[in-house]
Amino acid sequence: MKVARFYAPGDLRVEDADEPKPGPDEIKIRVHNTSTCGTDLKIFRHGHHHIDPPRVIGHEIAGEVVETGAGVSGWSAGDRVQVIAAIPCGECKQCRKGLQQVCPNQLSMGYHFDGGFAEYMIVPKQVLKVDGVNRIPDGVSYAEASVAEPLACVLNGQNFAQVGEGDVVVVVGAGPIGCLHVRLARAKGAAAVYLVELNRNRLDLAAELVKPDAAICGSEVDVVEKVLELTGGDGADVVITAAAAGKAQEDALKMTARRGRISFFGGLPKDNPIIACDSNLVHYRELTIYGANGSSPDHNRQAIELISSGKVPVDDLITHHLPLSDVLKAIDIVSSGEAIKVTIEPGTVSA
């Protein structure tokens, strides 16, 4: 079979590998879709401290069960499944409190275990232990199911920041995560959703798909002034920074309404994680700042349901379908910003 293995920054190789065999409490799946994200680009460029190369990467995974190991119950060959990316231990204090998304012992597909840029892969027992394999409903494609993992992260962030009925929401960043934030905020009953992006072409591409109430190009206008204008000077009830930019976080403080909420969804570069926080804005406006990091198995299940119900459509956000042999091209497309979502389909061949 073919796999895409990461060896070192800038060194991702499509190569042959033996088909894996499931051990006890494991299942083997034929991968139909593994979608890409900005994290794959960061791994390609810089590596990751949790990855001990060589490693098959890719963590937004959907496929078909082909074989089960000893001790596995509830799964059979032919079952269509989505697999979680972040694997909680299920035993620590945070997991016992129902906060699996911040498990300090978390493992990850494509980091600690071989991931989905492969024709076949093993779902390890650690995933099955925490009920991290989800059945794909009828009517949901493998490609759509692969987007459940990033949607699960978006759901975690919005649930924590209490996005809800009647809110005016600003989403900063028009990548796939930003698009999912716009659609989920609408599904949660937001009164208005404004999308902010520096890159005009990327903003236009995203806005054409997700139809925000206003599309604000940060390279052309003052974002804070524009949001205040749109809200009659009040500011937004919720600002979600789905971009790895310190200025976006700093601006969020200035355009959030009194008693508003800010979600720092996009992490900052590790070599520049410090922002200027006007704490008087937080103090006098009684603002709340939330972090957002990953998702739990339950968030993944809810994400599949949101996709299946049509409340959060994702099919049109997948702008590129590529075979595994074109994984480097997929990384380049993600880097260029010319796509919304790029998905890899290991079972297909290059045209």
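Which residues in H5 meet which residues in H11? In this predicted model, the H5 side consists of Ala148, Glu149, Leu151, Ala152, Leu155, Asn156 and Asn159. Their partners in H11 are His299, Asn300, Gln302, Ala303, Ile304, Leu306 and Ile307. By class, the contact of H5 with H11 has eight nonpolar, five polar and one charged residues.

**Helix pairs**

Two packed helices are described by the angle between their axes and the distance between the axes.

| Helix pair | Residues | Angle between axes | Axis distance |
|---|---|---|---|
| H5 and H11 | 148-160 and 297-309 | about 105° | 8 Å |
| H1 and H12 | 38-46 and 327-336 | roughly 110° | within 9 Å |

For the second pair, the axes of H1 and H12 cross at roughly 110°. H1 is therefore roughly perpendicular to H12. The crossing of H1 past H12 is left-handed. On the H1 side, the contact uses Gly38, Asp40, Leu41, Phe44 and Arg45, and these meet Leu328, Ile331, Val334 and Ser335 in H12. Sorted by class, the residues of this contact are five nonpolar, two polar and two charged.

H6 passes H7 in a right-handed crossing. H6 contributes Pro176, Cys179, Val182, Arg183 and Arg186 to the contact, while H7 contributes Arg202, Ala206, Leu209 and Val210. These residues divide into six nonpolar, no polar and three charged.

One of its pairs is S12 (residues 192-197) with S13, joined in the parallel sense over four bridges. Within this pair, Tyr194 has Ala214 in S13 as its bridge partner.

**Other strands**

A second open sheet has three strands in the order S2-S1-S4, with antiparallel pairing. Here S2 and S4 are the edge strands, and each pairs on one side only. S1 (residues 2-8) and S4 pair in the antiparallel sense over two bridges. Phe6 has Arg55 in S4 as its bridge partner.

Two further pairings involve S6. S5 (residues 60-68) and S6 (residues 80-83) pair in the antiparallel sense over four bridges, with Gly63 opposite Val81 in S6. S6 also pairs with S10 (residues 133-135), again in the antiparallel sense, over three bridges. There, Val83 stands opposite Val133 in S10.

**Backbone details**

Most residues other than glycine have a negative phi, and most peptide bonds are trans. Two places in the model depart from this pattern. Where is the cis peptide bond that has an omega of about -5°? This bond joins Pro53 and Pro54, and Pro54 lies in the loop between H1 and S4 (55-56). The other place is Asp25, a residue other than glycine with a positive phi, near 65°. Asp25 is in the loop between S2 (11-16) and S3 (27-35).

**The annotated domain**

An unreviewed UniProt entry lists residues 10-344 as "domain: Enoyl reductase (ER)". In the model, this span is 32% helix and 25% strand, and the C-alpha atoms at its ends lie 19 Å apart.

Conventions: Residues are numbered from 1 along each chain as its sequence is written. This is a predicted model: local features need pLDDT of at least 70, side-chain atom pairs count only at pLDDT 80 or more; totals for chains, interfaces and linings use all residues. Side-chain values use heavy atoms; hydrogens and water are left out. UniProt positions are given in the numbering used here, feature names are shortened, and annotations may be inferred rather than shown by experiment. Axes are lines fitted to C-alpha atoms, for helices over the stretch in contact, and angles run from 0 to 180 degrees between N-to-C directions. Angles under 35 degrees count as roughly parallel, over 145 as roughly antiparallel, 65 to 115 as roughly perpendicular and the rest as oblique. A crossing is left-handed if the near helix is turned anticlockwise from the far one by less than a right angle, and right-handed if clockwise. Contact means heavy atoms within 4.5 Å. Ala, Val, Leu, Ile, Met, Phe, Trp, Tyr, Cys and Pro count as nonpolar, Asp, Glu, Lys and Arg as charged, and the others, Gly among them, as polar. Two strands pair if DSSP finds at least two bridges between them.
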